[in-house]
Amino acid sequence: QVQLVESGGGLVQPGGSLRLSCTDSGRAFSLFTKAWFRQVPGKEREFVARISPNGNSARYLDSVRGRFTISRDNAEDTVLLQMNSLNSDDTGVYYCAAGTWSSDAKEYKYWGQGTQVTVSS
């Protein structure tokens, strides 16, 4: 069983930083690709970043590459998303997900409840 819980969202000014955390209380954390998606009202859920089960490979949405960094600590059952140089386009509900190596949300079986990120002055 995989149970994902996100934390770390909030309100930040443009140019600021936030770090999101996702903890898996289940026992299969290290077996899955972990990813972050985001969603705004009226739009589909959008892939942001993913990291392989062993942490050796990562992929990013073009608009966040160079600003966001995904990492994982399998010993701590945690995946992090460090977000720097935030802008208003980064506003949304951010979801942690566990699944297979893909940018398609349909390939992720397990989801957290989401955490709100708002970038505004």
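## Close-up views of a predicted model

**Figure 1. The aromatic cluster.** One aromatic cluster is formed by Phe37, Phe47, Tyr95, Tyr108 and Trp111. The coordinates come from a predicted model. Across the structure there are six aromatic pairs. In one of them, the ring centres of Tyr95 and Trp111 lie 6.4 Å apart and the ring planes meet at 80°, so this pair is edge-to-face. Tyr95 belongs to strand S9 (residues 92–99) and Trp111 to strand S10 (residues 108–111), so the pair ties together parts that are 16 residues apart in sequence. Tyr95 has a relative accessibility of 13% and counts as buried. Trp111 is partly exposed, at a relative accessible area of 26%.

**Figure 2. Arginines over aromatic rings.** Two arginine–ring arrangements are shown here. Arg45 lies over the face of Tyr95, 3.7 Å from the ring centre. The ring of Tyr95 also belongs to the aromatic cluster with Phe37, Phe47, Tyr108 and Trp111. Arg50 lies over the face of Trp101, and the distance to the ring centre is 4.2 Å.

**Figure 3. The open four-stranded sheet.** Four strands, in the order S1-S3-S8-S7, make up an open sheet with antiparallel pairing. S1 and S7 stand at its edges with a single partner strand each, so one side of each has no neighbour in the sheet. From one strand to the next, the twist averages 15°. Strands of a sheet pair through backbone hydrogen bonds, in a parallel or an antiparallel sense.

**Figure 4. Strand S3 and its two partners.** Strand S3 covers residues 18–24, and five of its seven residues are buried, so the strand is largely enclosed by the rest of the structure. S3 pairs with strand S1 (residues 4–7) in the antiparallel sense, over four bridges. Within this pairing, Val5 has Thr23 of S3 as its bridge partner. S3 is also joined to strand S8 (residues 78–83), by six bridges and again antiparallel. Ser21 has Leu80 of S8 as its bridge partner, and Cys22 has Val79 of S8.

**Figure 5. The salt bridge between Asp24 and Lys34.** The whole structure contains five salt bridges. One of them joins Asp24 to Lys34, with the closest N and O atoms 3.8 Å apart. Asp24 lies in strand S3 and Lys34 in strand S4 (residues 33–39), so placed that the pair links distant parts of the chain, 10 residues apart. Asp24 counts as buried at 2% relative accessibility, and Lys34 counts as buried at 0%. Side chains of opposite charge can pair when their charged atoms come close.

**Figure 6. The salt bridge between Asp62 and Arg65.** In this salt bridge the closest N and O atoms of Asp62 and Arg65 are 2.9 Å apart. Asp62 has 60% relative accessibility and counts as exposed. Arg65 is partly exposed, with a relative accessible area of 48%.

Figure 7. Asp90 and Arg67 form a salt bridge whose closest N and O atoms are 2.8 Å apart. Asp90 is in the loop between S8 and S9, while Arg67 is in the loop between S6 and S7, so the pair ties together parts that are 23 residues apart in sequence. Both Asp90 and Arg67 are buried. Through shared partners, salt bridges join Arg38, Glu46, Arg67 and Asp90 into one network.

**Figure 8. The surroundings of Val64.** Val64 sits in the loop between strand S6 (58–60) and strand S7 (68–73). Val64 is buried, at a relative accessible area of 0%. Leaving aside residues up to four places away in sequence, Val64 touches Arg38, Val48 and Asp90. Two of these contacts, Arg38 and Asp90, are also members of the salt-bridge network with Glu46 and Arg67. Ser85 is 21 residues from Val64 in sequence, and the C-alpha atoms of Val64 and Ser85 are 9.4 Å apart in space.

Note on methods. Residues are numbered from 1 along each chain as its sequence is written. This is a predicted model: local features need pLDDT of at least 70, side-chain atom pairs count only at pLDDT 80 or more; totals for chains, interfaces and linings use all residues. Side-chain values use heavy atoms; hydrogens and water are left out. Rings of Phe, Tyr and Trp (its six-membered ring) pair if their centres lie within 6.5 Å; planes under 30 degrees apart count as stacked, over 60 as edge-to-face and the rest as tilted. Helices (H or I, at least four residues) and strands (E, at least two) are DSSP runs, numbered from the N terminus. Buried means under 20% relative accessible area, exposed over 50%, partly exposed in between (1.4 Å probe, protein chains only). A charge sits over a ring if NZ of Lys or CZ of Arg is within 6 Å of the ring centre and within 35 degrees of the ring normal. Two strands pair if DSSP finds at least two bridges between them. Contact means heavy atoms within 4.5 Å. A salt bridge is a side-chain nitrogen of Lys or Arg within 4 Å of a carboxyl oxygen of Asp or Glu. Axes are lines fitted to C-alpha atoms, for helices over the stretch in contact, and angles run from 0 to 180 degrees between N-to-C directions.
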